[in-house]
Amino acid sequence: MTMAADSSTPVIRLRGLEKRFGIGDAENIAINGINLTIDKGEFVAIMGPSGCGKTTLLNIIGLLDRSIEGEYELDGQSVATISKRKQARIRSKQIGFVFQNFNLIPRLNVIENVALPLIYKGITRTKRLKIASDILRNFHLNEREYYMPHQLSGGQTQRVAIARALVNDPSIILADEPTGNLDSRASHIIMEELSDLHKRGNTIIMVTHNPRLTTYASRVITMLDGQIDTDTGSFKFKGQSITLQPIRRHKRSSRQLKRNKK
Amino acid sequence: MIRFLFLNHIQNAYQSMKGSRVRSALTMLGVTIGVASITVILSLSAGASKIITDQISSLRGNIAVIRPGVATNPITNLTQARLGRDYSTSTLTESDITYISHTPHIQYVAPLMVLSGTIKADSTAPSDSIVVATTPSLDNISDFKMREGQFLDKNVEQNAVVVGTQLSINVFGNESSIGRTLTIHGKEFTVIGVLKRMNDPINYNSIDFDNAAIISFAAGKKMNKNVTQIQQIDVKADSTANLTSAIGAIKTALLASHNGENDFSVLTGDQISQPTSQLFYMIAGVTTAIAAISLIVGGIGIMNIMLVTVAERTREIGIRKALGASNSDISWQFLIESLAISVGGGIFGYIFGYVVAFGITRFLTFDPIINWQIAVVALIISIFMGTLFGLYPSIRAARKDPIESLYQYN
C-alpha cells in the first residue's frame with residue numbers, strides 16, 4: 001500500500017505476459033506476449049472481439065489466475081513472489097471485482113452479498129452490515145437490502161454487484177462488462193458511478209464490447225488474438241489522467257467488432 | 001479476526017442448513033443414532049456399576065471377591081461373549097476356602113456354588129431361578145435382611161433352604177412360606193427363611209437373590225455328586241485398612257496351592273463393580289454394534305452431503321475467492337458446516353439416547369446415570385466425526401480453481 005501511494009511506481013506492470021490453456025495439440029494461447037503499464041488513477045477500457053483474451057487478462061491482473069508466464073508486478077512487487085494467502089489478502093483489500101454475469105450468491109440477500117468482502121477483512125457483523133447499508137444507499141438500493149438476488153431487475157443486480165466491489169474501498173477496480181446486457185439508461189447510471197470513482201483517484205480497468213462506453217475512459221486498449229492491438233496511451237492533465245475520446249483506431253476495432261458479431 | 005470469521009462461518013452454516021432442511025436433518029439422523037446408542041451404553045453401564053459400587057460402599061468397603069480365571073479387561077468384556085467362564089470348570093477348590101479362612105484379618109469367607117436344578121413345590125419355578133449353595137458367613141458379608149424366619153446357620157439341618165421373595169411367590173403362590181417344603185433336583189428341602197425383596201439383580205455376587213434358593217454348602221456339594229464347583233468366594237476383612245494386606249496374603253497362599261498357576265483373580269472396590277449382568281452385556285453388545293455401524297454410515301452421509309454442497313457452491317467458492325477469501329477461509333467454511341451437522345446430530349443423539357435409556361430402564365432395576373463425562377464423550381465423538389468426514393470435502397472446496405469455479409454454469 002505504501003508503494004501504491006508513490007505515484008512514480010505503476011500500479012500494474014506486465015512484461016511479456018503469456019497464458020496458455022491445455023497442453024500439446026489442444027494447447028490454446030489466450031495471451032501471447034503483452035507488455036502493459038497502468039498507472040495509478042487511470043481508467044482503462046479494454047476492447048476486442050470475443051475470445052481475444054480480455055477476460056483472461058483481467059483475471060490475471062486480479063490475481064485469480066496464477067499460472068502465467070512472463071512478469072507481472074503489482075505495486076512494484078513481482079506477483080510470483082507473493083504467497084497465495086497474501087494474494088488473497090491483496091484481493092480482499094486492494095481489488096474490487098465487478099463480474100460480467102453479476103455473480104451474486106443466490107442464497108444470500110442483497111445486504112449480505114454486499115457485505116461479503118468485508119468478512120475476509122475481519123470486520124464484525126454489525127459493522128459489516130452498516131458499511132454495506134451505507135454503500136447501498138449511495139446506489140439508491142437501500143429499500144432492496146433484504147431482497148434476494150433473484151427478486152431484483154438486471155440493473156439493480158449489477159448495481160448491487162458494483163456496490164459489493166466497492167464496499168472494501170479498493171484502489172483497483174476490475175470490471176468485466178459491467179453494463180453487460182443492460183439498457184442504455186441503466187448502463188449510463190453505472191458508468192457515471194465508475195466515472196465518479198475514477199475522479200476520486202481509483203484505478204479502473206474495464207472490459208467492454210460497447211464502444212460508446214469508452215468515452216468514460218482515460219485510455220482505450222484494443223486486443224486482438226491475445227495481443228494488444230492499439231493503445232491510446234494515457235493522457236494526463238495537471239498530473240491527473242483525463243477522459244479522452246479515443247482516436248480512429250478505436251472506430252476500426254468497433255467496426256471489426258460488429259463484423260464479428262455478424 | 002479468526003473469531004469473527006468463526007462466528008461468520010457458524011452463521012453461514014446455520015443459513016445453509018436452514019436452506020436445505022430435509023437434507024441436513026437426514027444427514028444428522030445418522031449421527032443422532034450413533035451418538036444415541038453410545039449414550040445409552042454409557043449411561044446404562046454407569047448406572048449398573050453405580051449400583052454395585054453403592055452396595056460395596058454400604059458394606060463399608062472391606063470386602064473382596066475371588067473369582068476363577070483371570071479378570072478380563074472391560075472392553076473385551078463388552079465385545080466378547082464370556083463363553084470360557086461360563087462353561088469351564090472352576091479353578092477354585094474347597095481347600096482354597098480353608099487357606100483363605102486362615103488368612104489373618106479375614107473375618108468371613110463365603111463360597112458361592114451355583115447349581116442347576118429344578119425348583120418345584122405347588123408349581124415349578126421359572127428357569128431363571130437360581131440354586132446357590134453357600135455357608136452361613138454369606139449373611140455376615142452381604143448383610144441380608146430377612147422378611148421372615150432366619151438365614152442358614154451352623155445348627156440348621158442339611159435340608160434347610162432360604163428362598164427369595166419372588167421365588168416364594170413363584171413356587172408357593174405367596175410370600176410367606178416358612179415350614180413348607182420344596183424340591184430341588186428331586187430332593188426335598190424345608191423353607192426356614194424368606195429374604196426381604198432386594199430388587200437388585202445386578203450385584204457383586206452376580207445372583208438375583210429375589211429368585212434364589214439358598215442351601216447349605218454341604219447339601220450343595222452332595223447334590224453335585226460330591227464335587228465342588230465354586231463360582232466365587234466372598235471375603236470380608238476386619239477393617240478396610242487391613243483389606244489390602246489380607247488380599248496380598250490370600251494371593252500368595254492361593255498361588256502356592258495352585259502350583260504357581262495364576263488362574264484366579266482377587267477383585268476389590270471398582271474392579272468388582274464391572275457390570276456382570278448378562279442383560280447388560282446384551283444391551284451393550286447390540287448398541288455398540290449399532291453405534292459403530294451408524295457412526296460410519298452417518299459419517300459417510302456427512303461426507304456425501306458435503307461433497308454435494310461443495311459441488312453446488314462451486315460458483316460461490318469462485319466468487320468468495322475473487323472477493324478475498326483465502327484457501328483456508330473456504331476450507332473452514334465447509335469444515336464448520338460439516339461440524340454443525342455432526343454436532344447438531346450429536347446433541348439430538350445425546351437427548352434421544354437418554355430418552356431410550358430411561359425407556360429401557362423402565363424394565364430394569366436401575367436408572368441410567370447423567371454425568372458430564374457422557375456429555376463430553378458424545379460431544380467429542382460428534383466433533384471427531386464432523387472433522388474426519390468433513391475434511392476431504394472442505395479441502396476439495398479450498399483447492400478449487402477460482403476461475404474455473406467462477407465460469408462454471410449451473
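**Domain and chain contacts in the predicted model**

In the predicted model, chain A is divided into domain 1 (2-94 + 170-261) and domain 2 (104-169), with bounds taken from an automatic or database domain assignment. Because this is a predicted model, local features need pLDDT of at least 70 and side-chain atom pairs count only at pLDDT 80 or more, while totals for chains, interfaces and linings use all residues. Residues are numbered from 1 along each chain as its sequence is written, and chains are lettered from A and ligands numbered from 1 in the order in which they are written.

Eleven residues of domain 1 of chain A are in contact with eleven residues of domain 2 of chain A, two residues being in contact if their C-beta atoms, placed from the backbone, lie within 7 Å. On the domain 1 side, α3 (84-93) and α7 (184-199) of chain A each supply at least two residues; helices (H or I, at least four residues) and strands (E, at least two) are DSSP runs, numbered from the N terminus. The most is given by α7(A), with three residues. By class, this side holds six nonpolar, three polar and two charged residues. Ala, Val, Leu, Ile, Met, Phe, Trp, Tyr, Cys and Pro count as nonpolar, Asp, Glu, Lys and Arg as charged, and the others, Gly among them, as polar.

Within domain 2, helix α6 (residues 154-166) of chain A has 13 residues and reaches 18 Å from its first C-alpha to its last, close to the 18 Å expected at 1.5 Å a residue (1.5 Å times one less than the number of residues). Ten of the 13 residues of α6(A) are buried, so the helix is largely enclosed by the rest of the structure. A residue is buried if 20 or more other C-beta atoms, placed from the backbone, lie within 10 Å of its own. Among the buried residues are Arg159(A), Val160(A) and Arg164(A). The buried residues of α6(A) pack against β6 (95-98), α4 (110-119), α5 (125-138), β7 (172-176) and α7 of chain A.

Strands β9 (residues 219-224) and β10 (residues 227-231) of chain A pair in the antiparallel sense over four bridges; pairing requires at least two DSSP bridges. Ile221(A) stands opposite Asp231(A) in β10(A). The two strands form a hairpin with two residues between them, and Asp225(A) in the turn has a positive phi of about 50°.

The contact between the chains takes 20 residues from chain A and 17 residues from chain B. On the chain B side, two or more residues each come from α1 (2-19), α11 (314-322), α12 (327-361) and α14 (402-406), and α1(B) gives the most, with four residues. This side comprises ten nonpolar, five polar and two charged residues.

Terms used:
Buried ≥ 20, exposed ≤ 12 C-beta atoms within 10 Å, placed from the backbone.
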